[in-house]
Amino acid sequence: MMTNRVLNFAAGPAAIPEAVLKQAQHELLNWRDTGMSILEVGHRTAVFQDYLAEIQAELRQLLTIPTNYHILFMPGGGQGQFFSVPMNLIGRTGQADYLDTGIWSHKAALQAKPYGQVNIVASNATNPFVMPKTTEWQCAKDAAYFYYCPNETISGLMLYDIPQVAVPLIADMSSCILMKPFTVADYGLIFSVSQKMLGTSGISLVIVREELLGEALPITPDIFNYQKQAKESSCLNSPPIYAIYLMELVVKWTLQQGGLVAMEECNQAKAKLLYDYIDNSQFYYNKIDPVYRSLMNITFTTNDEAKDTAFWQTAAKQGLMGLKGHKLLGGLRASCYNTISIGDVKRLIAFMQDFAQ
Ligand SMILES: *Cc1c(COP(=O)(O)O)cnc(C)c1O
């Protein structure tokens, strides 16, 4: 059996805590004394419905989710939400505001277009490493919601301040949901893919305020309808049970580590180590205004494409994986979600020093 696991800095699918994988392995053949694998358990059985209630309770504890918010496990991953959000929520006024800060929010705005009028509040399309200034935002008069992506996973650009808008705020928190404590009540809806911070791919976690439901466009298919899924405990059809199960294990693991307060402390320390090293290196560069640098996805480059390629190739040979930047932007990227420890970041920096030499 292979015991030498590599260090995985990939943006997603991303590293999963080893303790979680070991537990999943340990109980694969007989889950909770059912005599069968979780993969074989029916989603309408009492044991699975109880399990769903359990993960919801753990999520409420971890993220301090108020009781007037539904917790949904929705199909279609992150991009499934790019059309589900407008289908369910744009109907109230027929238009919505989108803050375009990078590839993910840009895609979300494009995917919303068939369902209503999309107003681009501001855009950094000409330079993905710059945050559009708040003073230049142009909101619509009557938007059903304001959509943004607080952490653009690909460029490593993060908006820490919560947009101060008069309409329900929708946030794609796919690469930052468990990064630090935040106030759910500031948002109308939050969603996150499962393969970055919450286990493996297959679902999006959706946290939505009760009062926003009930205005879905008539064309909304049932399985993408938040209200209908809420009524059926996200089991309107057969859900991807294993993705829900891994999410539960990750949520429990995060609680055991001290919850989001402990995560933030560690994430701040990791990012500071790495950015400080990059800034002082004179070999690696990060192009983002320090105010907007992501704590989770740390992008850098040697400013030389051939050297960047040699970097991730050499790193991979030494068991440091996933450091190649996204194909659309090139360069390098170290994603440092909660599974990555301070020791892991120190190992990366040691490699960066070696490589620079
Ligand atoms: C990865 C990612 C997505 C897309 O996720 P899929 O599940 O692959 O569709 C959407 N938004 C953000 C911020 C992401 O990081």
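User: Which helix gives the largest share of the shell around the ligand?

Analyst: This is a predicted model, in which local features need pLDDT of at least 70, side-chain atom pairs count only at pLDDT 80 or more, and totals for chains, interfaces and linings use all residues. Residues are numbered from 1 along each chain as its sequence is written, and side-chain values use heavy atoms, with hydrogens and water left out. Helices (H or I, at least four residues) and strands (E, at least two) are DSSP runs, numbered from the N terminus. The largest share of the shell, four residues, comes from helix H3 (residues 77-89).

User: Which residues surround the ligand?

Analyst: A residue is near a molecule if one of its heavy atoms lies within 4 Å of it. Around the ligand stand Gly77, Gly78, Gln79, Phe82, Trp104, Cys149, Thr153, Asp172, Ser174, Val193, Gln195 and Lys196. For their classes, Ala, Val, Leu, Ile, Met, Phe, Trp, Tyr, Cys and Pro count as nonpolar, Asp, Glu, Lys and Arg as charged, and the others, Gly among them, as polar. The shell has four nonpolar, six polar and two charged residues.

User: Which side chain has an N or O atom 2.4 Å from an oxygen atom of the ligand?

Analyst: A polar contact is a pair of N or O atoms within 3.5 Å. The side chain of threonine 153 has such an atom 2.4 Å from a ligand oxygen. For glutamine 195, the distance from a side-chain N or O atom to an oxygen of the ligand is 2.9 Å, and for a polar side-chain atom of lysine 196 it is 2.6 Å.

User: How is the packing of two helices described?

Analyst: Two packed helices are described by the angle between their axes and the distance between the axes. Axes are lines fitted to C-alpha atoms, for helices over the stretch in contact, and angles run from 0 to 180 degrees between N-to-C directions. Helix H7 (residues 259-281) and helix H9 (residues 342-356) pack at about 10°, with axes 10 Å apart. Angles under 35 degrees count as roughly parallel, and H7 and H9 are therefore roughly parallel to each other. The residues of this contact (heavy atoms within 4.5 Å) divide into 12 nonpolar, one polar and two charged.

User: Where is a cis peptide bond found?

Analyst: Most residues other than glycine have a negative phi, and most peptide bonds are trans. Here a cis bond, with omega about -5°, joins glycine 12 and proline 13. Proline 13 is in the loop between strand S1 (7-8) and helix H1 (18-26).

User: What is the phi of threonine 64?

Analyst: Phi of threonine 64 is near 45°, a positive value in a residue other than glycine. Threonine 64 lies in the loop between helix H2 (46-63) and strand S2 (69-75).

Definitions and conventions. Angles under 35 degrees count as roughly parallel, over 145 as roughly antiparallel, 65 to 115 as roughly perpendicular and the rest as oblique. A polar contact is a pair of N or O atoms within 3.5 Å; within protein, one must be able to donate a hydrogen and the other to accept it, and residues adjacent in sequence count only if both atoms are side-chain atoms.
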